[in-house]
Amino acid sequence: MSISNLDKSELKPTALDDWESMLYIFCWIGTFGWSSSTRANKTGDSGEPKQLDRWHKGTLKEIAKAKRADLDTYNAFQAITGEFNLGLKNIDLLFNLVKELRDVLIDKSSGKLAGALKKEEIILNTKTGAYENVVLSDPFEERVAKWEELSESLLMVDFVGGYAHRTPPFGFNGLGDIVYLRTYARLKADGARERWHETVERVVNGTFRRLHEWKRQQQLPWDAQEAQMRAQTMYDKIYSMKFLPPGRGLWAMGSALTEERRLYAALNNCAFVSTRAMWDKTQQSNPAKPFAFLMDAAMLGVGVGFDTRGTQVARDCSILVNDLASTSKKPTVYRIPDSREGWVESVRLLINSYLDPTNDNKVHYAFDYGAVRPAGQPIRGFGGMASGPKPLAELHAAIRSTLQRNATKPLSVTSIVDLMNLVGKCVVSGNVRRTAEIAFGDPEDAEYVDLKSYDKNPHRMAFGWTSNNSVFARLGMDYTDICKRVAANGEPGFQWMDNARRFGRMGEPNHRDTRLEGANPCNEQGLESYELCCLVETFPFNHATLDEYLETLESAYLYAKTVTLLPTHWPDTNSVMLRNRRIGTSVSGIAQFLTHRGVGELHRWLDTAYQVVQKIDSRVSEELCVATSVKTTTVKPSGTVSLLAGATPGMHYPESRFCIRRVRVSKRSDLLPALRDSGYHIEEDVVDKSSVVVEFPIDHGEGVRGLKDVSIWEQLSLAALLQRVWSDNQVSCTVTFDPCSEGNQLGSALDYFQYQLKGVSFLPRIDNGAFPQMPYEAIDEAKYRQMVACIMPERKCKLHTLIDGSENTDPEPERYCTSDRCVL
């Protein structure tokens, strides 16, 4: 009998009472077995387990109180499950089932994990003079209020149970397993790590809770049965890696970050901010706003693009950087709170003191770091360990130095990029292990184009690496001189804003996106200032038929569209995102698809799929009563997500069919013993003495060509095809070229492809062994077979149990859009 019935509560009876009663039946079966012949010997004096005596002996009120106590926390519930008969067939399935049921009924019944006990307080009754117990709250009241939502989660419990003992289809000989365990397997309420089927359940439940919440807020109809079918389809598609949410989504969706803290910005991949409006009256004397936005977003794991347009505004309006070096005024002391917000606010105050033209009194700041947690303490929610205040103090000093050099003159292009890059460096040092920024400038501005020339700007060598630099290219411009720089080091990249604003898919002008101001760091999304974007990744090659792929697109689109319903904590961002509802449904594994099915099939699949996505967008947007998305499709470069699925990243070809993929692992990682035991080659890290390097042998598939066999012209042609038949946003295309044989062809290639692309970047090919422990190394099949033979599959499975060991922090998420290496 449910607790509410035992209490004779006045709460409304719901289906949750039946689910609760089922939980008790399962606990009884787990303890006693299915019949008298399977009963355990673990009994008390009464002939029954002592703990379950409390559930059927005594008054109804006493039984209800006992059940509340036993269900209240996971540790308390272990007293019940600890008496299960381990000799029963499939007892592990039953054990997992009762854990899941209790988790939904008790822990998920309240956003604050209220448990099952009533919250009581002893107070004095002034009329009688006696002390009485007064119930302040009953967590079961909130459970009743959310019974429909919880019932849907409970239906998923039974569905998910069918996946618990499957082997996840992770790719690349254990690399996918490692990436998952160290990046996306969050801690559960019982302290254990998630398994893949549980991560997928968290993500899907979180997605549909947000959908349900939206419809409830808008007072729109909700069909629970249809929602359950959609959720189960999405679950299977993610589990089987037909599509995957972005790494940000796998890490954050359905976690406390979104369920309790409502930090929905963390679900988005990328952003852009312009410096053009730094001194607009609407900024209210807050010219530091773009820099603070970039820092805040970067600390949430969102990659950010920015421009240098603020320099021209400062010059045109004669706005000078304040000289604070000679002021005799005492500084205002700001005690920095131990939070992301506190770090960002300190940077905003400091930059504003130099850039605010109304700071006539020369107000300047000193900082008190006493409240910032020391280095080495765990960071709850966002994972990893605290860096202490040192990186922030260094950033403050660097900001002062940068702006004081620029004092009494208009803010320079160099200063804008330096400030953004310095923020990126701080974020790296302050726990996020890599940053993603892209700077955009004028191709005819020698100051900007020379920023990566460290012989001319030696001070930038310490932080210039934090951004890729690109130019706002003009159609028909002369690319000769700028391509000499590209041939030397691969930068700058190129962004054609005329094409991005005019076209959806290239060749289809629609002028729907005329407010675009830049793009994200990997250049697959044109964006307005302060706009974010959520991307999802589909894998056409993982589908047997086009019809199966079209079904996957429904789930992939729905995930991304749901994220557009969720507000951020930035009003400027919300005003853009609610209008545009921009998403990016991406494709990966293109090299594998082309190898086995050809260009003709790729063209047919993606052209058909694009039309289907537009129909889905119209139908679902009408269902949700929101605007259709200004753009819906993209090709992202992919990072760790494609590694999970064993797919080549985005449109790019691999280094070689057979490769070594090197991954850095901390020497303190609890994975190392299992990795060694499994036979992976491990060696000391030549760069970071606190890490080792683990080598994973990779086979990208029979017939897949390496980059040496794919010319720059074929790479650019593939990008143009994808921009024409699939992506109405952009195609992230980094063209790898041979500096000796192809470097002199870059200008001619741009002359042709500037009318077929929205953006492109280049990367000079580096020979194997150019520097030690390169992330990818091409190997032959014999070397690959030799390495695979050393890996013992029966021991590799230990990786999924060892992760429940000593590390008691959530994983650090995939940061930003992509990377040329995994840092674990």
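Aromatic pairs number 27 in this predicted model. One of them joins F84 and F95.

F593 has a relative accessible area of 0% and is buried. W605 is buried too, with a relative accessible area of 3%. Ring pairs also build a cluster. Its members are Y479, F494, W496, F737 and F762.

Charged side chains lie over some aromatic rings. K67 is placed over the face of Y24, 3.7 Å from the ring centre. R186 is placed over the face of W251, at 4.8 Å from the ring centre.

The overall fold comes next. The protein has 824 residues, of which 59% count as buried. Its secondary structure consists of 31 helices and 21 strands. Contacts between residues at least 6 apart in sequence were also sorted by separation. Of these, 77% join residues at least 24 apart. The accessible surface amounts to about 33000 Å². Carbon and sulfur atoms account for 52% of that surface.

Helix α18 covers residues 413–429, which is 17 residues. At 1.5 Å a residue, α18 should span 24 Å. The C-alpha atoms at its ends are 25 Å apart, which agrees. Of the 17 residues of α18, 15 are buried, so this helix is largely enclosed by the rest of the structure. Helix α16 has 16 residues, numbered 340–355. Helix α16 is mostly covered, with 13 of its 16 residues buried.

T402 is part of helix α17 (residues 390–405). With 4% relative accessibility, T402 counts as buried, because the cut-off is under 20%. Its C-alpha atom is 9.3 Å from that of T414, a residue 12 places away in sequence. Neighbours within four places in sequence are left aside for contacts. On that basis, T402 touches S415, D418, L419 and L422.

V788 is found in helix α29 (residues 781–790). This residue is partly exposed, with a relative accessible area of 27%. The C-alpha atoms of V788 and F696 are separated by 8.7 Å. Along the chain, V788 and F696 are 92 residues apart. Apart from neighbours within four places in sequence, V788 is in contact with N173 and P697.

Several backbone features fall in loops. The peptide bond from E491 to P492 is cis, and its omega is near 5°. P492 is located in the loop between α20 (480–489) and β10 (493–495). F172 is not a glycine, yet has a positive phi of about 65°. This residue lies in the loop between α8 (147–161) and α9 (175–183). F172 counts as buried, at 9% relative accessibility.

C625 is not a glycine either, and has a positive phi of about 60°. Its place is in the loop between α24 (590–624) and α25 (640–645). At 56% relative accessibility, C625 counts as exposed. Another cysteine, C522, counts as buried, at 13% relative accessibility. The count of disulfides in the model is 0.

Methods
Residues are numbered from 1 along each chain as its sequence is written. This is a predicted model: local features need pLDDT of at least 70, side-chain atom pairs count only at pLDDT 80 or more; totals for chains, interfaces and linings use all residues. Side-chain values use heavy atoms; hydrogens and water are left out. Helices (H or I, at least four residues) and strands (E, at least two) are DSSP runs, numbered from the N terminus. Buried means under 20% relative accessible area, exposed over 50%, partly exposed in between (1.4 Å probe, protein chains only). Contact means heavy atoms within 4.5 Å. Accessible areas come from the Shrake-Rupley method with a 1.4 Å probe; for residues, only the protein chains shown count as cover. The expected span of a helix is 1.5 Å times one less than its number of residues. A disulfide is a pair of cysteine sulfur atoms within 2.5 Å. Rings of Phe, Tyr and Trp (its six-membered ring) pair if their centres lie within 6.5 Å; planes under 30 degrees apart count as stacked, over 60 as edge-to-face and the rest as tilted. A charge sits over a ring if NZ of Lys or CZ of Arg is within 6 Å of the ring centre and within 35 degrees of the ring normal.
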